[in-house]
There are 2 protein chains.
Amino acid sequence: VYAQVLYDFAAEPGNNELSIREGETITITNQNIGGGWIEAKNSKGEVGLVPEDYIEVSNTSNGNDPWTVFDNNASGGFSNNWAAQPEGTETGKTSSNAWHSGGHGHPQAYQGPGNNSNKFKGLVPKMKMKISPKNENYAAFYSRFKTGEVGPVWAYPDYQLDCVVADPKKGSKLYGLKSYIEYQVTPTTTNKPVNHRYKHFDWLYERLLEKFGSAIPIPCLPDKQVAGRFEDEFIKMRMERLQGWMTRMCRHPVISSSEVFQLFLSYKDEKDWKMGKRKAEKDETVGVMVFSTIEPEGLPDLDLIEVEQKCEQFNRFTRAMDDGVKDLLTIGNEHWKRCTGPLPKEYQRIGKAFQNLSSVFTSSGYEGEAALTDALTAAGKTYEEIAQMVAEQPKKDLHFLMETNNEYKGLLGCFPDTVGVHKAAIEKVKEADKLVAAGKITPSDKTTMSKRASTMSYSLQAEMNHFHSNRIYDYNRVMQQYLEQQVKFYEMIAEKLRHAHSRFTTM
Amino acid sequence: VYAQVLYDFAAEPGNNELSIREGETITITNQNIGGGWIEAKNSKGEVGLVPEDYIEVSNTSNGNDPWTVFDNNASGGFSNNWAAQPEGTETGKTSSNAWHSGGHGHPQAYQGPGNNSNKFKGLVPKMKMKISPKNENYAAFYSRFKTGEVGPVWAYPDYQLDCVVADPKKGSKLYGLKSYIEYQVTPTTTNKPVNHRYKHFDWLYERLLEKFGSAIPIPCLPDKQVAGRFEDEFIKMRMERLQGWMTRMCRHPVISSSEVFQLFLSYKDEKDWKMGKRKAEKDETVGVMVFSTIEPEGLPDLDLIEVEQKCEQFNRFTRAMDDGVKDLLTIGNEHWKRCTGPLPKEYQRIGKAFQNLSSVFTSSGYEGEAALTDALTAAGKTYEEIAQMVAEQPKKDLHFLMETNNEYKGLLGCFPDTVGVHKAAIEKVKEADKLVAAGKITPSDKTTMSKRASTMSYSLQAEMNHFHSNRIYDYNRVMQQYLEQQVKFYEMIAEKLRHAHSRFTTM
């Protein structure tokens, strides 16, 4: 079997990998390696592992179009809208590309595991189901309509789950053929650590996206990056981001109490994990079906116009925030570059110039020069220290500001689709009158559709309220952290300069 | 009479000036305006004043070489070396271009008033004179050869003269035809202000250069700049620099006690000033003759090798310092640009980004947003304030560091020539043996030459010691000033950020 290389891939030394270049044709020698890897041979006869996302297996029908590989990754189907789909209506073609905004299109951005089974097609017959009672222990709405309160919110647990992602360790499998990094994940509930590789997080992400994606925006995992993934700096950064992702998932009452998430955090042993995995993969309450498990407790059905308005408001807000966040990221990036590049270089040069002048003065042969030259040297060294401080500062403050905003960029990128599910439902409800008139659906069908749209709107409102409260918490925290570090930074510079100043004397 | 335009000149509006362009031919209509101006007519028939340095009067012999205009400005002649010139020896050709290093070559840099009379040629016969007794009340050496002391120094007065240059006022002359700026100069001795225009400072500079230039480096005045000279910013800057120049002259015991300097600072009335001017212009104790007025009180004659070593040491030092100062100026200039250009722009953008995010958050419709959005807006405004502080800071600190170093650059530029006068004397003394052998000079002539070289060396040492002590004072002061302002700057930023920080709350 031949394959076409879609992207350059540089082999990690010592990991039995094979470097490949875009446009190259390789021969697949073992397709059953697993974990997103296949074994291949290049034209020179060298054999090694390559990431399967980076190549396209040749076949007669679409072998010449490199984009078709992404079709394989199309795991979506949520626009087969449960709420908006009256019985018997044909489901349209689905497009999941928008799901991970900016994600698809290059394998270094996040992608699903390339699961090709059209499991969502099996959902269509289930559209006929009634709103089922809560079948897991989350997903209960309850009203908090006291004056000044925010409207529908998720039922939050009394205890806030959290976990610690730590202690990355290199492991190997396939009799040492493949290396990987394993992270220790310790939930605050059991305090018992479990081990997970990136691909397990990836599996969890896929399950959550499949199951909750219609109602809850599931932010992408940190980049799947293949090259350089054994470098300490990268491992540290990935761990930090996996921690951020896990904390965000833990904070969500619906996700954190779900069976699959609980499994991930606290499986008892390998057998428990494997069984749980199999069960989760067979879960059929996925896609829009998730709304069937949501019970807006004691809340009245919403009017269509009200649903629409809420939808529009959220849409506008997330779009505006997305712009604001991207703007801040752009500026932050430029500031980072300046703070780590030209600015410290300049302070260093100022420092060197003072020290240089000091050593020229030392050569004067004039008596009584020492006090000045010592002071000048000290001032010069101070500016060199400041240069280093300036260069290291972004890691202490800007870094967290950037990470938080990057996280929000990812999260906001999921909103258009979540909102889109609701919009599609509204459109279908709007068409319902015509369908009733044409005798295609019954008036009772129309009532059911309205009820479902109302449930979806409550869900969206609860999700937005969850988003807002988290956002207020996160931005307060990150701004505090940023400004605290900035204050420390400027205070330390002032302190250093005060000391340098004290060494000069006026005669 | 026709003239060729050498440099572009933009007329100051309302001052009867005429804009001219390089390469243009103009007709001179009045050559007797004075003050460096002539009246001319361009090809369009427009008549107005133009600076005479900017044009070259056409004549048959050298009308096509624009550089010959600078020969007119050659006011030097100090290499007609008094000490090294035995009786009857022909004086060589003089080159004064090096006198103002970087000064000649463009009229916007400082130039003398274009005095064309070869008054220094008259000096040659006077070389026969004996060392005359001190004929003014300065210039006495006295020995301070206590252990650890610095060697020969000028006799410093008990009272340190200083003056204040202030209150620039616009005046006019030629029945309102020409405007000028007049500065008030108040010496601390009389406390009685006198008025001087830039051209008077220029006249003083010329007198000091003529009289003391062989022994004492006389720093150039601030640029003669013609265009934009009535703009407030320029007037302020020129005043500041004239103040710096005057303070430096006041600090020099030989210069400050000279008749011409005293005249400039404390002439009684116009008549007094005009008579004093005439007297100063007729002064014949100029050039190398100044050494004849210097008496190394009780100091033994120096050995030639010792003189040479001192000379070399000073030369090395001033060259090294010149490099160091220029280096600092280059870096300072770049830093200035960054601090007033891209850096505040970036802080402003950070500020805007925070405020933008704040206004997006305000639009969320979520309750309990106000505390965060107020804090974010305040943080944004703080960064805008910081942007402004950053942009204004160089004027508060870097400015003085740059001005002081610019002053020293000018001063150091004069040293090679001052040292050159001594080197030439040494060379001549070295040749003296041959001349004695050839019967061209007497052994007694040779002794006189050695004695004179010794006096010059003492003078140079005194001047270097003066330079060193002033340098130590100036650099201590300017570094203190710089660092003090820097500390204030960073403290104020920290304070502002601390306040911004306090507005965020963790829930």
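Mentor: Arg248(B) and Asp474(B) are both buried. The model is a predicted one, and in it these two residues form a salt bridge whose closest N and O atoms are 2.7 Å apart. Arg248(B) belongs to helix α3 of chain B, residues 232–251, and Asp474(B) to helix α11 of chain B, so the bridge ties together parts that are 226 residues apart in sequence. In chain A, salt bridges with shared partners link Arg248(A), Arg251(A), Glu407(A), Asp474(A) and Arg477(A) into one network. Over all chains, the structure holds 44 salt bridges.

One of the others is in a loop of chain A. Arg21(A) pairs there with Asp8(A), with 3.6 Å between the closest N and O atoms. Both residues lie in the loop between β1 (2–5) and β2 (25–34) of chain A, so this pair ties together parts that are 13 residues apart in sequence. Arg21(A) is exposed because its relative accessible area, 56%, is over 50%. Asp8(A), at 42%, counts as partly exposed.

The loop between β1 (2–5) and β2 (25–34) of chain B holds Glu12(B). This residue is buried, since its relative accessibility of 11% is under 20%. Its C-alpha atom is 10.0 Å from that of Glu231(B), although 219 residues separate the two along the chain.

Other salt bridges cross from one chain to the other. The rule finds eight of them across the interface of chain B and chain A. In one, the side chains of Glu369(B) and Arg471(A) meet at 2.6 Å, N to O. That pair runs from the loop between α8 and α9 of chain B, where Glu369(B) sits, to helix α11 (residues 443–502) of chain A, which holds Arg471(A). Glu369(B) counts as buried at 5% relative accessibility, and Arg471(A) is buried with a relative accessible area of 0%. Another bridge joins the side chains of Arg471(B) and Glu369(A), again at 2.6 Å, N to O.

Polar contacts also link the chains: 22 residue pairs between chain B and chain A are counted, both residues at pLDDT 80 or more. On the side of chain B that touches chain A, at least two residues each come from α7 (304–340), α8 (342–362), α9 (370–396), α10 (398–437) and α11 (443–502). Helix α11(B) gives the largest share, 23 residues. By type, that side of chain B has 36 nonpolar, 19 polar and twelve charged residues.

The contact as a whole involves 67 residues from chain B and 67 residues from chain A. Interface size is often expressed as the accessible area lost when the parts come together. Here chain B and chain A bury about 6700 Å² between them, with 67% of it on carbon and sulfur atoms. In chain B, the residues that lose the most area to chain A are Glu346(B), Tyr366(B) and Tyr490(B), which together make up 10% of what that side buries.

Conventions
Residues are numbered from 1 along each chain as its sequence is written. Chains are lettered from A and ligands numbered from 1 in the order in which they are written. This is a predicted model: local features need pLDDT of at least 70, side-chain atom pairs count only at pLDDT 80 or more; totals for chains, interfaces and linings use all residues. Side-chain values use heavy atoms; hydrogens and water are left out. Contact means heavy atoms within 4.5 Å. Buried area is the accessible area (1.4 Å probe) that two parts lose on being put together, summed over both. A salt bridge is a side-chain nitrogen of Lys or Arg within 4 Å of a carboxyl oxygen of Asp or Glu. A polar contact is a pair of N or O atoms within 3.5 Å; within protein, one must be able to donate a hydrogen and the other to accept it, and residues adjacent in sequence count only if both atoms are side-chain atoms. Helices (H or I, at least four residues) and strands (E, at least two) are DSSP runs, numbered from the N terminus. Ala, Val, Leu, Ile, Met, Phe, Trp, Tyr, Cys and Pro count as nonpolar, Asp, Glu, Lys and Arg as charged, and the others, Gly among them, as polar. Buried means under 20% relative accessible area, exposed over 50%, partly exposed in between (1.4 Å probe, protein chains only).
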